[in-house]
Structures are given as C-alpha cells and as structure tokens.
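Here are my notes on the model you sent over. Have it open while you read, and go through the points in order.

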Amino acid sequence: MFVTADGKNVFFTFALVSSLFFLWGFCNGMIDVMDKHFQEELHLSLSQSAWVQFAHYLGYFLMALPAGWIAMKLGYKGGIMAGLGMVAMGGFWFIAATHIAAFWAFLLGVCIIAAGLTFLETVANPYTTVLGDPHYAATRINLAQSCNGIGWIFGPIAGGMFFYSKNAAGESTGSQTLYIPYVAVAIVVLVLAVIFYFAYIPDLMVEDDYHLDDSSPGSSPSIWAHPHFVMAIAAQFFYVAAQAGIFSFFINYMTSQTPPIPGSWASGVLTSWFEPNKEGVLVLSNSGAADLASLGFICFLLGRVSGAALLRKYAAHRVLGLYAVINVVLALLVVCKLGWLSVVCVFLSYFFMSIMFPTIFALGIFGLGARAKQASAFIVMAIMGGAILPKLMGYVADTYDMSRSFIVPMACFAFVAFYALAWPKLARSEGMRSLDMTHRH
C-alpha cells in the first residue's frame with residue numbers, strides 16, 4: 001500500500017506527513033472549545049462567538065488558492081515548509097494578543113494559524129493519495145486523517161485546561177493562560193520544519209485519468225469540466241459547515257441541553273465536571289463539557305480507523321452516502337429533544353462524520369493528474385462553509401435553543417448524501433473509464 005510505481009517504499013514519508021494531520025487536528029480541537037470562553041469573558045451571544053469559527057475558516061478561504069499555487073510551483077515540500085512557518089508565526093502572536101486583551105487580536109491569531117494550516121491541508125491531503133498503490137488512495141487518506149482524529153482528542157483537553165483555568169479563589173484565569181498551548185504549538189512546528197527540510201519528500205503525482213496534462217483528442221484540460229470535482233467543492237462546503245457547527249457548539253449543547261445530573265455523579269475525580277446552575281440544578285460545567293469533547297473525538301477517531309478498513313472492501317461513495325444518511329437521522333433525533341438519547345446521538349454523529357472530509361476529498365480529486373494540487377486548493381477553499389453556517393446555527397440557537405439548531409447540520413448532511421449517491425454518474429459524465437471502487441478501496 002506504501003510502494004510507488006517505481007518500487008520505492010514511502011512509508012516513512014507517509015508517517016511524517018501524517019504528523020501534520022495530528023497538528024491541525026490539535027489546533028482545530030482547541031478552537032472548538034474556545035467559543036464558550038469568549039461568550040463568558042466578553043459576554044457574547046452564541047452567534048457573536050461564532051466569529052471565532054469565522055476567523056478560523058476565513059484563513060482557509062483566503063489562503064487556499066495561494067497555497068495551491070505555491071504547491072504547484074515549489075512542490076509538496078515547499079508548500080509544507082511555507083505552512084509550518086505561518087503556523088509558528090500565528091502561535092507566537094498569541095503572546096501579543098494576550099497583552100492586547102481584545103477580541104480582534106485573538107481572532108487575528110486564529111486566522112493566521114488557519115492560513116498556515118491551509119498550506120498543510122492543501123498539500124498533505126492529495127499527497128497521501130499518491131504515496132503508494134492508487135487502488136488504496138482513499139484508504140491512505142483516511143489512515144492519515146486518523147492522526148487528525150488523535151489530535152482532535154488532545155486539543156480540547158489542552159484548551160479546557162488553559163481556557164477554563166481557575167485560581168485558588170475560584171476565579172477564571174483563562175484570559176491570562178490562553179496563549180500557552182499556542183506557543184507550545186509554535187515551538188513544535190519549528191522542530192517539524194527542520195525535520196521536513198532534511199527529509200525525503202518526493203514530488204509524486206496522481207494518475208491522469210482525465211488526460212488533463214496532455215493534448216490528446218477528447219481530453220478535458222480544465223478541472224471545472226468534471227462534475228465529480230465541482231460537486232465535491234459544494235459537498236465539502238456543507239460537510240465542514242455541519243462539522244464546525246457541531247464541534248464549536250458542543251460545550252453549549254452539553255451545558256444547556258442535557259437532563260439534570262444525579263447528585264451521586266458529582267464525586268471523586270468527576271467533581272469538577274459538574275456545577276449547579278442558576279436554578280440550583282446540577283449540570284455539566286464548562287470544564288467537564290470540554291473533557292467530554294475529547295470523548296466525542298475518540299468516537300471520531302474510531303470512525304476514522306474503522307472507516308479506513310471499510311473503504312478497503314466497499315465503494316467509497318457508498319460508505320460516504322450511508323454515513324451521511326445516518327447523520328441526517330441522528331441530527332433529527334437531536335432536534336426532537338429526546339433527553340439522553342439525543343445526547344448519545346451527538347456523540348454518534350462524531351463517529352459517522354469521521355470519514356466524510358477525506359472521502360469527499362479523495363472522490364473529488366480522483367483522476368486529475370498534476371492538476372490535483374490545483375483542485376485540492378479549491379476543495380480546501382470550500383472549508384469556508386465552516387465560517388458561514390455556524391453563525392446561522394448560532395442564530396437559531398439564540399432564537400430557540402441548541403437542540404433546534406441541529407436542523408442546520410441536518411440539512412448539510414443531506415447534501416453530502418446526495419453527492420455520494422450521485423458520484424458514479426458524475427464521475428462517468430466526462431467519459432471517465434468505469435471505476436471498480438470495490439477493488440480500489
């Protein structure tokens with residue numbers, strides 16, 4: 001699975017590139033527990049706090065095309081080095097942001113880091129698909145994304161530790177310690193940059209099934225002539241919108257929508273997980289909900305690992321379609337406010353979201369040859385969905401409640417299901433040879 005057409009084993013390169021997936025998973029995990037911090041420190045509404053997600057995904061939107069251009073000009077290694085440098089710069093900026101102590105300063109840091117992560121995602125996602133036998137492209141990208149899932153487990157833990165820290169008097173110190181995990185990320189990133197500089201990173205290409213790189217009769221030189229790619233952009237937009245909304249408002253949901261907590265639960269090591277609300281009812285605390293977010297990401301990781309195994313046996317578009325339909329049902333059950341059943345459905349949604357981003361990515365760039373780098377930039381650009389629709393989800397939550405707001409991701413998952421089920425027709429529409437996806441994945 002990790003042997004290229006010329007017989008070279010590139011497993012070490014794959015493992016090194018997979019570390020980047022851990023990095024942006026960790027950073028994204030911290031972002032997902034930051035909203036509640038600013039809601040309380042700056043007295044923001046749910047829709048206002050969604051500016052954190054907006055700044056994060058705006059960085060992706062602004063830098064996706066430049067990242068794709070640099071990757072085409074400088075190769076995979078050049079794109080990775082540029083991304084690591086920008087992430088380090090953003091991490092160190094949080095020191096200044098803490099002293100400025102203004103919302104815009106933190107949003108700027110979030111945006112800079114996201115811009116750097118854009119380079120890494122634009123390069124690393126398509127790169128994993130070419131590091132070995134093309135039949136297992138979707139399997140490899142899902143394995144690499146499993147490292148992303150591990151990072152997402154530890155991100156909320158680090159975020160909860162520093163964003164919701166308290167002193168001996170029980171007063172919040174999160175505003176003074178928020179910069180610490182970001183500076184740690186910056187230091188680690190600089191070490192990674194040195195390792196990548198000296199590492200062997202061959203500039204490989206995916207198979208040119210659409211003959212974009214030649215002038216043969218009947219070839220289609222533009223990536224926009226291929227519906228499976230164009231629709232992948234839309235599918236990724238809506239998927240990331242759903243993911244960002246669920247992830248960013250997870251703490252709000254858990255602290256406001258869970259049934260009353262039995263008093264017997266608030267004992268031992270779990271004491272800090274619970275606190276009485278204004279009515280004196282025991283509920284989850286912000287810190288406890290942040291720790292539970294890590295449990296959600298464990299479900300996410302399990303979904304990635306098991307999904308990678310499924311993709312070796314079953315058609316990628318069919319697995320994607322099944323998972324998307326299941327998430328439509330789960331979101332509907334959350335909207336219906338069914339107590340603990342709805343809470344469980346939130347965690348299950350993490351599991352069934354797990355394979356969506358990498359699988360949409362692999363289906364979208366399939367067969368585009370050297371243009372996969374360019375196509376990758378546009379698919380990463382679609383991450384802007386995570387900046388826009390969470391604000392709509394926050395507005396619905398402000399108007400009604402967090403449970404009702406899940407109607408937004410429900411609609412998003414429905415579109416992903418449509419793309420998955422329509423993919424075979426979209427992929428054949430330009431005369432592409434018939435795909436035996438069962439054997440390919």
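How many of the 21 residues of α1 are buried?

1. Start with α1, since that is where the question points. The helix is mostly covered, with 16 of its 21 residues buried. Buried here means under 20% relative accessible area, exposed means over 50%, and partly exposed is in between (1.4 Å probe, protein chains only). From first C-alpha to last, α1 reaches 31 Å, close to the 30 Å expected at 1.5 Å a residue. That expected span is 1.5 Å times one less than the number of residues in the helix.

2. A word on what you're looking at. This is a predicted model, where local features need pLDDT of at least 70 and side-chain atom pairs count only at pLDDT 80 or more, while totals for chains, interfaces and linings use all residues. Residues are numbered from 1 along each chain as its sequence is written, and side-chain values use heavy atoms, leaving out hydrogens and water.

3. Now the overall build. The protein chain has 18 helices and two strands; these are DSSP runs numbered from the N terminus, helices being H or I of at least four residues and strands E of at least two. Its C-alpha atoms fill a box of roughly 75 × 45 × 35 Å along the principal axes.

4. Packing and surface go together here. Buried residues account for 60% of the 441 in the protein chain. Of the contacts between residues at least 6 apart in sequence, 80% join residues at least 24 apart; contact means heavy atoms within 4.5 Å. The chain exposes about 16,700 Å², with carbon and sulfur atoms supplying 70% of that (Shrake-Rupley method, 1.4 Å probe; for residues, only the protein chains shown count as cover).

5. Have a look at α8 next. Its 20 residues (179-198) should span 28 Å at 1.5 Å a residue, and the end C-alpha atoms are 30 Å apart, which agrees. Its buried residues include P181, Y182, V185, V189, L192 and F196. As a reminder, an α-helix has 3.6 residues a turn, so residues three or four places apart point the same way. The cover over the buried residues of α8 includes α1 (11-31), α4 (51-100), α5 (103-130), α6 (137-163) and α7 (174-177).

6. Which residues does S285 touch, leaving aside neighbours within four places in sequence? The list is T255, S272, W273, F274 and E275. S285 is in the loop between β2 (282-284) and α11 (286-310), and counts as buried because its relative accessible area is 5%.

7. Y76, in helix α4, also counts as buried, at 4% relative accessibility. Y76 and Q39 are 37 residues apart in sequence and 39 Å apart in space, C-alpha to C-alpha.

8. Finally, two backbone spots to check. A101, in the loop between α4 and α5, has phi near 55 degrees, a positive value in a residue other than glycine. A101 is exposed, with a relative accessible area of 55%. K337 also has a positive phi, near 55 degrees, and is not a glycine either. K337 is in the loop between α12 (316-335) and α13 (340-353) and is partly exposed at 41%.
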